[in-house]
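Welcome! Please take a moment to look over the sequence and the 3D view before reading on.

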Amino acid sequence: QQPLELTRKILRDKQNKKNSGQPIPVFPSWVYERPALIGDFLIGTSLSTDTTVPIGTLPLASQESMIVEDLLYVLIGVDGRYITAQALVGRQNRAFSLDPNLDLSIKELVTRILPVAASYSAVTRFIEEKSSFEYGQVNHALAAAMRTLIKEYMILITQLEHLQRQGLLSLQKLWFYIQPTMRTLEILASLATSVDKGECMGGSTLSLLHDKTFNYTGDSQAQELCLYLTKAASVPYFEILEKWIYRGIINDPYSEFMVEEHELQKEKIQEDYNDKYWDQRYTVVQQQIPSFLQKMADKILSTGKYLNVVRECGRDVTCPVAKEVIYTLKERAYVEQIEKAYNYASKVLLDFLMEEKELVAHLRSIKHYFLMDQGDFFVHFMDLTEEELKKPVDDIITTRLEALLELALRMSTANTDPFKDDLKIDLMPHDLITQLLRVLAIETKQEKAIISAEPTELTLSGLEAFSFDYIVKWPLSLIINRKALTRYQMLFRHMFYCKHVERQLCNVWISNKTAKQFSLHSAKWFAGAFTLRQRMLNFVQNIQYYMMFEVMEPTWHILEKNLKLASNIDDVLSHHTSFLDNCLKDCMLTNPELLKIFSKLMSVCVMFTNCMQ
């Protein structure tokens, strides 16, 4: 008994850990302590007071009638006088010991009938054990279905006993009547051993039953039996499945379902650098996928996930095409039902994000600010904040910057943007180049070296640390997550710095106008400086033109077109990510070599403007 108790305890602990709220129910201990309740042989309790007549001394006819009576007992799990069950060894089938003095012809027939008793013994033990709460609903349903079959078997034995009482049951007749049952019990016993051996629960039990059902193709009686058991066992599993694909709820106290839920807070998404919530809140458990749903596993996961997002936003959703899922051997049936549920779920979530939560409008708003779509707002903003941003980062008062940002937003065309209040200011701990090199070094050999390298000695000026941030609320944060926002920020800081360098060069040009009044002997120096400045300006303006009109705009148009055609959220996610990746790549931010050259050129321009001023 010890190993079984241990198994139950392990299962119980695992399940209670998962459902912290309510512990799963348990049978009282006397259920396990009273072996007589199991309906199997009791070993070592030979309380029989009848003095058995040594059977070898009897005539053959009497031997036969004695043995028939014994067999009827043994077939329902009670020891006879001349046939007794032996103790179980490990997982083996029951063995029986016969009285050695039996007549040989009778002995031969008895050994043919005994396998039925052995199968019966295995099946009752299985039913009793698997009815414990710990083994999950699928095993409960399977045990209950087996119990109905065992009841039929009991009726058969009762009828045989009636015949025996009337003196009409010979050993040959018993052998004849028990034939059909023999096969049934043998199949049940083999199923019971397989489930025990594989320690199957939930989906894995169904896989095993399904494969057995298929293996019996050609043996229609056996297949029908397995089909009956699989149908019964799959009902609780399908109930969990229906709730998941039609409503996006998981109710699975014994962890039998193929989708597992992990606790994660939605609010974390804003701070988190990746789309953890989407990928990790629900995951597929490989061994709990019934083999007949294997192909559909990803669809089932997505269906519930989509509905769940809408439900998290406080909207109750129920699929209008919900039909009961019933086990059949034709897989087509499931495929169609799951497809329908999937299409409905992806449509609901897409409409919810696009229409109600205005995803595209939010993306457009982000583009206005992060991709410098609104020129007048930026000119205005940079005029207002120029003085403040020249200071070192530590001296900058963020509230002051926020106020100036507010002012710039209100006084430029950005005022018409409904989401302008979501724009915030963020001062980064390191400059763009360091940030980009760090991101690029992730998962490469240089990662450690770059992270452990000392931060640049120079204190950052406000300009180098400056970036916008954007407040995104759930459920849009599924699409515009931290990862996406960080990419937007990198693009923005890159362009913002170019803009700043361009302004510096223009200022040099203004102050150069006054320099023309000076005496001529220094003119040749100025002439050199003028041409250099013109070249620099030319370079910076062209780089900006290239990034704005040849990278961002066309890529944005492709994104808008794709979003109109997207049929589910995973499409939207991948289109958005590829939009950002293409922008970063074509703006030369993903190539460390180009990046270093570019930053050198920029710092040369800045040095030049400082020197000229």
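This is a predicted model: local features need pLDDT of at least 70, side-chain atom pairs count only at pLDDT 80 or more; totals for chains, interfaces and linings use all residues.

Residues are numbered from 1 along each chain as its sequence is written, and side-chain values use heavy atoms, with hydrogens and water left out.

**Cysteines**
- A disulfide is a covalent bond between the sulfur atoms of two cysteines.
- Counting a disulfide as a pair of cysteine sulfur atoms within 2.5 Å, the total here is 0 disulfides.
- For Cys313, the closest cysteine sulfur belongs to Cys319 and is 18 Å away, so it is too far for a bond.
- Cys587 is in no disulfide either, as the nearest cysteine sulfur, in Cys583, is 6.0 Å away.
- Cys587 is buried at 1% relative accessible area, whereas Cys313 is partly exposed at 25% (buried means under 20% relative accessible area, exposed over 50%, and partly exposed in between, with a 1.4 Å probe and protein chains only).

**Positive phi angles**
- Ser255 is not a glycine, yet its phi is positive, at about 45°.
- You can find Ser255 in the loop between α9 (220–247) and β3 (259–261); helices (H or I, at least four residues) and strands (E, at least two) are DSSP runs, numbered from the N terminus.
- Glu358, also not a glycine, has a positive phi of about 50°, and it sits in the loop between α13 (332–356) and α14 (359–370).

**A helix residue**
- Asn507 belongs to helix α20 (residues 482–515) and is partly exposed at 30% relative accessibility.
- Between Asn507 and Phe381 there are 126 residues in sequence and 17 Å in space, C-alpha to C-alpha.
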